[in-house]
Amino acid sequence: METKIFTEETIAQAASVLTKGGVVAFPTETVYGLGAIATSQEAVVRVFQAKGRPSDNPLIVHVSHVETVKESVVDFPEMAQQLADAFWPGPLTMILHAKEGRYAPAISAGLSTVSFRMPRHDLTLRLIDAVGIPLVGPSANRSTRPSPTKLSHVLEDMDGRIDGVLDGGDTVVGVESTVIDLTNAAGPVILRPGVITPEQIEREIGPLAATVDTTTTAAPKAPGMKYRHYAPATPVVVVEGDATTWQKTVQDAKEQHYKVAVMATSDILSALSVEELHTYALGEAGSVSEMNHHLFDALRSLDHVGADVILAQGIPAVGAGAAYMNRLNKAASAK
Ligand code: TXA
Ligand code: MG
């Protein structure tokens, strides 16, 4: 299958491929998504196949208007309205009780809920409008691989496996949306951290529930969180600490004849005096948004340098740092 590259000028063509049940990747502000019309079971199954994704992992429905969500759910709570007003279009996904039969059953993977998000990317909002049907959009990587933040990442994983990609340039945020479950009986709960933080959310809707209420079946956890994720083929080790710790860690690895690659902020890289070191600068010291922006590209790039190990900078898991550490720890876990 030839994978076509669509641009702003050819959005209508991309829309027509989708309308016929094809699979076209699209840009968002977080990562690229793998698009198909949410009403066609056949089209949605193609998305699972292209990704190699387990069928018990549900998909997010991407909309261009809040009205579409309201029409699709049993109940659109006040909280959902407040969150949509505050953060949409933007990197927040809400899980709600779905009306039966609206969308392809494969989307919900056996749950009674559907998750929705309105991405903040002009081309993709126009694409959804042109199709006139919401699009599913799991991250456009092969299952277990780092999520794609560039057109080249999408092609690396998907060339020949999907009908096309809408080129929207590099994504801005770099890590996937915050996922909040609004169907949890004990109160709203965050299932996946993103750059929209719990503090920002609580400012809009009041306190979150501490944990998922597992006493009711109406409270699904994000099934995707249990799978191996974000991992390059090269092992990743998280390193925390100052420049001295880093220098020692890199030296130790070298002495054991490991070929080392390092992804860290520029203050740490400039303090490392080691020859033949492959490095990727994640940004200025302390810039969590730059680190999120570069994270997946760093993992993919350093996977190609022939290193035995990628040493990756750990940071406190607070604010948007929680999103960064969530992905990095998964990339580093052997499971
Ligand atoms: O930023 C994003 O959210 C990107 C862009 C493309 O929009 N999409 C994305 O989709 O990250 P995906 O499929 O890679 O991750 C969605 C996560 C998974 O962990 C999945 O299990 C969870 O959200 N999820 C989706 N629908 C759910 C539902 N109804 N109940 C519980 N968890 C759900
Ligand atoms: Mg994903």
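1. Threonine 149 sits in the loop between β7 (135-136) and α7 (151-158); helices (H or I, at least four residues) and strands (E, at least two) are DSSP runs, numbered from the N terminus. The model is predicted: local features need pLDDT of at least 70, side-chain atom pairs count only at pLDDT 80 or more, and totals for chains, interfaces and linings use all residues. Residues are numbered from 1 along each chain as its sequence is written, and side-chain values use heavy atoms, with hydrogens and water left out.

2. Threonine 149 is buried, at a relative accessible area of 3% (buried means under 20%, with a 1.4 Å probe and protein chains only). Not counting residues up to four places away in sequence, Threonine 149 touches Thr30, Val31, Tyr32, Gly169, Asp170, Thr171, Gly174, Phe296 and Asp297 (contact means heavy atoms within 4.5 Å).

3. Helix α11 (residues 288-302) and helix α12 (residues 321-332) have axes that come within 9 Å and cross at roughly 20 degrees. The two are therefore roughly parallel to each other (angles under 35 degrees count as such). Residues of α11 in the contact include Phe296 and Leu299, and those of α12 include Ala323 and Tyr324. By class, this contact has nine nonpolar, two polar and one charged residues.

4. The largest nonpolar core has 62 residues, and Ile107 and Phe116 have the most contacts inside it (a nonpolar core is a set of buried Ala, Val, Leu, Ile, Met, Phe, Trp, Tyr and Cys residues joined through side-chain atoms within 4.5 Å). A second, separate core of 24 residues includes Val175, Ala298, Leu299 and Ala323.

How values were computed: Chains are lettered from A and ligands numbered from 1 in the order in which they are written. Axes are lines fitted to C-alpha atoms, for helices over the stretch in contact, and angles run from 0 to 180 degrees between N-to-C directions. Angles under 35 degrees count as roughly parallel, over 145 as roughly antiparallel, 65 to 115 as roughly perpendicular and the rest as oblique. Ala, Val, Leu, Ile, Met, Phe, Trp, Tyr, Cys and Pro count as nonpolar, Asp, Glu, Lys and Arg as charged, and the others, Gly among them, as polar. Buried means under 20% relative accessible area, exposed over 50%, partly exposed in between (1.4 Å probe, protein chains only).
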